[in-house]
Amino acid sequence: MSTIDPMDIFRAEAAELLEQIEQGLLDLEHQLDDRAQIDSVFRGLHTLKGSGAMFGFDALAAFTHHCETAFDRVRKGLTPATTDLVMAVLAARDHMRALVDDPNGDHAAVGAELLRKLQDAVAGGSGQPAAAAPIAEAPKSFAVDETVPPATAGKDDGSELHRWNIRFSLPRDTMVNGTNPLALLDEMRDLGEADVRVDLSRVPPLDAIKPTELYLSWIVTLTTDRPRADIEDVFIFVMDEMTLELEDLGPVGATETIPVAAPAEIAAAAATPIAVPVAVEPIHNAASAADKTSPAAGAAATDAKAHRKAESVRVPAERLDELMDRVGELVIAQSRLTQIAGSSLDTQLRTVSEEMERLCSELRTTMMVLRMVPVGTLFERFRRLVHDLQRDTGKTIELVTAGETTEMDKTVIERLADPLVHLVRNAADHGLESPEGRRAAAKSEIGRVTLSARQVGGEVIVTVADDGRGIDRDKIRAKAEASGLIPTGAALSEQEILQLILQPGFSTAATVTNLSGRGVGMDVVKKTVESLRGTIDISTRLGEGTTIALRIPLTLAIIDGLLVRVGKGRYVIPLPAVEECLELSLEEDLRSRGRSFLSLRGSLVPFIRLREIFSTGTKPDPYQKIVVVSTGEERVGLVVDQIIGDHQTVIKSMSKLHDDVATFSGATILGDGGVALILDVANLVAAGREQEAQLRATA
Amino acid sequence: MEHIADSLDPTPPPSSLTIRDIQTLHGLITKALSGKDPVRVAFKDDVAVDLSFIQLIEAARLSARNDGKTFSLLRPVGGNVRRVLERGGFLSPTNPDAARFWLHEEVTP
């Protein structure tokens with residue numbers, strides 16, 4: 001059983017926090033006085049700092065501290081949120097990412113420069129001259145420039161001292177997340193006189209405790225002239241998940257004595273750890289324990305039950321992959337069982353087999369759902385990209401997203417990220433016109449890039465569309481002919497011409513920018529999509545824009561397939577691609593030789609004899625079958641000897657030796673232990689297209 | 001009569017009494033309490049400490065009580081440990097038991 005490295009856990013959490021911070025900053029940029037976003041960014045920075053320090057990412061914690069302090073000032077109204085500040089923290093956020101990825105790298109110079117910019121942004125927003133701040137190696141002006149009113153302020157301005165009874169318990173994961181409850185208690189002491197008592201009643205015994213979790217809660221009697229909001233503000237980071245009871249006990253009488261706790265020294269314990277901080281010593285004949293007045297042991301069990309609630313659990317992707325492998329093996333075993341039961345007269349065996357089949361199917365469905373994540377998690381990243389592209393291109397770009405709730409396999413989503421980045425960059429850099437160009441074309445100056453996703457059958461179609469100038473097919477053809485990619489005057493359909501932009505090294509961009517235009521990338525997009533068993537559709541209208549649709553299978557691991565036989569071999573055709581099955585009699589087969597076209601409800605569909613492609617060396621069955629498959633707009637018929645039936649297919653990768661065998665996308669193990677190759681439908685459709693083109697050319 | 005036993009756990013104690021090392025500390029104390037009685041614990045005043053450790057000691061006290069064992073401190077705490085106890089509200093005058101355990105003090109409520 002694999003163990004989880006705490007560092008990996010932190011890195012995963014840090015990635016989420018950085019994402020949250022980035023989204024908050026991007027939202028804040030649109031509405032600089034959005035209190036909720038200010039708090040969200042602040043909380044994110046605070047948690048990142050705390051967790052970073054806890055896991056030994058000291059450089060990250062120290063750097064993030066400055067950003068947190070800057071946002072604390074914003075939160076307290078000491079500094080306004082400005083675009084400059086947002087930009088500075090966005091840049092700082094990228095640096096934090098680097099500090100997470102490479103904590104031991106040499107980041108000092110970059111960090112200092114970013115903090116200098118941050119300081120300028122804070123000083124600029126505060127109306128204070130930046131030079132007033134003491135800049136050494138790491139700017140600290142906003143850290144030392146705290147001007148929070150003291151706790152006693154307001155006594156002379158008519159505000160009244162109130163006594164509050166405060167009870168609070170924090171989420172169990174508080175300490176793991178880097179929040180220090182002691183700091184919260186200190187903050188409360190800053191508000192006034194606080195009598196703090198810990199409540200130990202929920203602390204379980206040793207054998208039941210999870211030592212990283214927090215079981216303590218507190219009762220505080222606070223005497224302060226601050227309003228309720230200030231007290232609540234102490235808990236801003238944990239407010240969503242904590243329990244807080246605030247009871248105003250009323251004003252304090254002038255002659256009343258205020259109970260004072262004894263928090264003599266509240267300085268942080270910063271001592272260097274020593275070699276032997278603890279010794280657990282068994283002793284004999286010691287005096288009997290003095291403590292007999294502790295809370296009842298039963299409280300812990302009750303508490304554990306009370307806190308048992310539905311929660312999400314972070315599971316490493318590798319474990320899901322392991323589980324998926326096991327489910328795959330189970331599906332294969334079940335398939336064998338079904339085959340054995342099918343040839344048996346034992347009704348009990350058949351019943352068990354059917355039950356197993358049902359359970360396997362349900363397990364598989366559940367497994368699929370576990371791996372699914374909303375595509376919105378991918379789309380969110382593009383807000384920052386488009387934000388930066390606006391700066392780099394000087395264009396005003398609106399990013400529109402749709403279908404964010406569409407779910408896809410997590411692995412697929414991760415692998416789609418880079419291709420989509422490339423497509424969005426292309427759309428922004430080459431697709432959209434300059435503001436002047438758009439004005440001249442009677443368009444809005446704001447260019448639009450739309451990212452959308454929708455599920456169609458067993459596929460998800462992810463689309464990148466722009467409302468820019470569109471792609472000039474003539475230009476593509478000319479370029480392709482000039483570079484020898486196609487023969488001059490070759491008969492190509494519109495889609496074929498557009499598909500040329502996916503060829504390596506192909507670019508019609510007149511200028512190469514740092515964003516795109518080098519002709520490197522679209523072929524990588526194609527490769528990535530094809531490796532996901534997906535296809536790319538391109539549509540464009542000159543002057544109106546371009547749409548590139550990536551059609552991706554929902555999952556990579558298990559598919560429903562149609563099991564067919566060609567000669568003596570068995571093959572699997574992915575079921576979502578199958579449109580219909582027809583019979584091809586021997587006579588028709590002979591008649592169609594040399595043409596290999598099928599008239600299907602008024603349209604001609606090319607068909608391919610798999611027996612010939614696979615060189616089976618066998619005679620065709622008297623009644624062959626044609627399986628018509630499609631990849632959206634295009635169809636092709638695959639001639640097989642026998643259709644065996646549907647088959648739940650666990651996809652096994654082909655070895656590297658077979659990388660150049662484009663006809664197959666993988667293999668699977670059948671119920672009888674035999675192997676069936678899985679047909680690559682996109683490749684076969686392309687082969688059909690070529691065949692059609694050749695026939696047309698020779699006609 | 002104290003016995004600095006040669007049966008001390010061979011696991012080297014962690015370098016801090018914080019959440020970073022709390023799993024190890026949990027193991028050490030659990031092992032000690034499951035084997036011997038009484039158990040006495042000592043730690044240096046200037047060690048880095050946080051609430052997770054104080055909470056763990058409170059859990060150990062509870063376990064010892066449940067099992068009828070004796071769990072105590074070799075000497076009163078000071079320094080960082082005491083500061084955490086004070087900041088965390090463990091030494092409230094309303095809880096004289098805590099002062100007895102942590103500070104070896106008898107407090108009259």
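Let me start with helix α18 of chain A, whose buried residues are covered by, among others, α14 (410-431), β11 (535-541) and β12 (545-553) of chain A. Before I go on, please keep in mind that this is a predicted model.

So which residues of α18(A) are buried? The helix covers residues 522-531, and the buried ones are Met522(A), Asp523(A), Val525(A), Thr528(A) and Val529(A).

As a reminder, most residues other than glycine have a negative phi. Chain A has two further residues I'd like to show you here. Ala442(A) is one of them, with a positive phi near 60°. You can find Ala442(A) in the loop that links α15 (435-440) to β9 (446-456). Is Ala442(A) buried or exposed? It is exposed, because its relative accessibility is 71% and the cut-off for exposed is over 50%.

The other one is Ser615(A), again not a glycine, with a positive phi of about 45°. Ser615(A) sits in the loop between α20 (610-613) and β18 (623-631) of chain A. With a relative accessible area of 59%, Ser615(A) counts as exposed.

Now, staying in chain A, let's look at a histidine in a loop. His107(A) belongs to the loop between α4 (83-101) and α5 (108-126). Its relative accessibility is 15%, so His107(A) counts as buried, the limit being under 20%.

Pro374(A) counts as partly exposed because its relative accessibility is 32%. Which residues does Pro374(A) touch, not counting those up to four places away in sequence? They are Glu404(A), Thr405(A), Thr406(A), Glu407(A) and Ile413(A). There is also a C-alpha distance to mention: Pro374(A) and Gly403(A), 29 residues apart along the chain, are separated by 9.0 Å.

Let's move over to chain B. It has 109 residues, and 56% of them are buried. Its secondary structure consists of 4 helices and 2 strands, in the order α-β-α-β-α-α from the N terminus. Of the contacts in chain B with a separation of 6 or more, 73% are between residues 24 or more positions apart.

I'd like to finish with one helix pair in chain B. The axes of α1 (residues 22-35) and α2 (residues 51-67) come within 11 Å and cross at roughly 20°. How do α1(B) and α2(B) run relative to each other? They are roughly parallel, because the angle falls under the cut-off of 35 degrees. Their crossing is right-handed.

And what meets what here? From α1(B) we have Ile22(B), Leu25(B), His26(B), Ile29(B) and Leu33(B), and they meet Ser52(B), Phe53(B), Leu56(B), Ile57(B), Ala60(B), Ser63(B) and Ala64(B) of α2(B). By class, that contact has 9 nonpolar and 3 polar residues, with no charged ones.

Thanks, everyone!

Notes:
Residues are numbered from 1 along each chain as its sequence is written. Chains are lettered from A and ligands numbered from 1 in the order in which they are written. This is a predicted model: local features need pLDDT of at least 70, side-chain atom pairs count only at pLDDT 80 or more; totals for chains, interfaces and linings use all residues. Side-chain values use heavy atoms; hydrogens and water are left out. Buried means under 20% relative accessible area, exposed over 50%, partly exposed in between (1.4 Å probe, protein chains only). Contact means heavy atoms within 4.5 Å. Axes are lines fitted to C-alpha atoms, for helices over the stretch in contact, and angles run from 0 to 180 degrees between N-to-C directions. Angles under 35 degrees count as roughly parallel, over 145 as roughly antiparallel, 65 to 115 as roughly perpendicular and the rest as oblique. A crossing is left-handed if the near helix is turned anticlockwise from the far one by less than a right angle, and right-handed if clockwise. Ala, Val, Leu, Ile, Met, Phe, Trp, Tyr, Cys and Pro count as nonpolar, Asp, Glu, Lys and Arg as charged, and the others, Gly among them, as polar.
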